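Grab a pencil and work through these exercises with the model open beside you. Each task comes with a solution in steps.

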Amino acid sequence: MPLVDAPTIQLDESLMQGIANTFSTSGGLIFDKSGHPWCIWHVGQLQHWWRLYGEKVDSPMGRKLANAAVEQESWQLDRTNFSSIKGLFRSKKQQKWLEERWNTFGWGNPDIKDSSLENKLLSSLSAGWLHAVFESMNQTRLRLRWEDRGSHSCKLMFDETNYPYQEPVAPPAFAWNSNPKPDSSPLHIEVEKGLIVDGERLCLLPAGLFDRLLDSSAGIEIDIDQDVWQIDIESFEHSASLVALAEASKAQFLDTEQHILIMNPEDWMEVCQQILASKGYSMPTKVKGIDAHGGVKITFESCPFLFICMGVLAGAWQRAEGRPVKTTCEGANGQFMITLQSFHELA
């Protein structure tokens, strides 16, 4: 039987260089040029995570995500040279600028002229980003509606409002995202066109997006056993919102087939490198076993994606130990300790 050669992977050198020019990495974190943290998601996993999150809360969250996207991207655009694009062929120049930006982030294909986008991530998320573009271009507040055109496309419609345009504001400052800007090196990812790795599409998302979503979700009710999660973070009162995001991350991880093998507490450092640091979520500084049943305390000094770390680690512990996990998160004085131990008392 003749052997069939494996298809040759065509790396997108231009895209890889664009990513390296835009992002740097250090200590399990990814930073943009302003020192703000970002992370990498598989697009399919992001979509699945959002569905799981929606099941944890008692109200539709699409509009909140869209608003968070508008606010975050408006703030980010305000720190670029987008608004300074003027002169002849201004629209074409803006279109080209946006295409390069969205291509680097893996966000899809925006179309200013048609107020639409292709290869969306989530309708509310992608629509929010493009909404921010139009508000930035027109320096006015607009009311957004969107319409899905199949599973990959979205059409935006805007209504004028009487609200004055306001300067974008920074995302809320939670205790876990006060990160010093470290010495770092350019982010190198081997990707194919469309930010594809091993046949899966990736995207990069800013921590500020999730901080805004968390802040706007304060007061939500969730259908989760509160005994499974215990949150004790200095000056933080949105525990239910944080738990809902973490629980969705845990469920999403458990729906993957990723194998976790733990022989001793020190093995968690290698696991964290694989499931957290490789995506820019963070890397712990210390791991300590706390009991004879797999209990472990994992310490972070910088954790801008705290809810993801909580959820993914909880899912990984449950997979490794084969029993329900109790997750505790404590934070004070710039350190965050995630404790994982058996939910049931063992003799």
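**Cavities and strands**

With three residues, α2 is the element that gives the most to the lining of the second largest cavity. Helices here are DSSP runs of H or I with at least four residues, strands are runs of E with at least two, and both are numbered from the N terminus. This is a predicted model, where local features need pLDDT of at least 70 and side-chain atom pairs count only at pLDDT 80 or more, while totals for chains, interfaces and linings use all residues. Residues are numbered from 1 along each chain as its sequence is written, and side-chain values use heavy atoms, with hydrogens and water left out.

**Exercise 1.** Describe the second largest cavity and its lining.

*Solution.*
- Start with the term: on a 1 Å grid over the protein atoms alone, a cavity is a set of points where a 1.4 Å probe fits but cannot get out, and lining residues have an atom within 4 Å of a point.
- Next, the space: about 30 Å³, where a volume is the space filled by probe spheres set on the points, joined across faces, edges and corners.
- Now list the lining: Leu46, Trp49, Trp50, Leu65, Leu122, Leu125, Leu209 and Phe210.
- The elements giving two or more of these residues are α2 (43–56) and α6.
- Finally, sort by class: eight are nonpolar, none polar and none charged. Ala, Val, Leu, Ile, Met, Phe, Trp, Tyr, Cys and Pro count as nonpolar, Asp, Glu, Lys and Arg as charged, and the others, Gly among them, as polar.

**Exercise 2.** Work out what surrounds the largest cavity.

*Solution.*
- The volume is about 50 Å³, and the structure holds two cavities of 30 Å³ or more.
- Look for the lining residues, including Trp176, Asp211, Leu242 and Phe307.
- α6 (207–216), α7 (239–254) and α9 (306–321) each supply at least two residues, and α6 gives the most, with three.
- Count by class: nine nonpolar, no polar and one charged.

**Exercise 3.** Which strands pair with β7, and in which sense?

*Solution.*
- Strands pair if DSSP finds at least two bridges between them.
- Take β5 (residues 116–118) first: it pairs with β7 (residues 153–160) in the antiparallel sense over two bridges. Here Leu117 has Cys154 as its bridge partner.
- Then try β6 (residues 142–149), which is also antiparallel to β7, over eight bridges. Arg145 stands opposite Met157.
- Last, check the hairpin of β6 and β7: three residues lie between the strands, and Gly150 takes a positive phi near 85°.

Technical notes. 1 Å grid on protein atoms, 1.4 Å probe; cavity = no way out; pocket = protein on both sides within 12 Å on 5 of 7 lines; lining within 4 Å.
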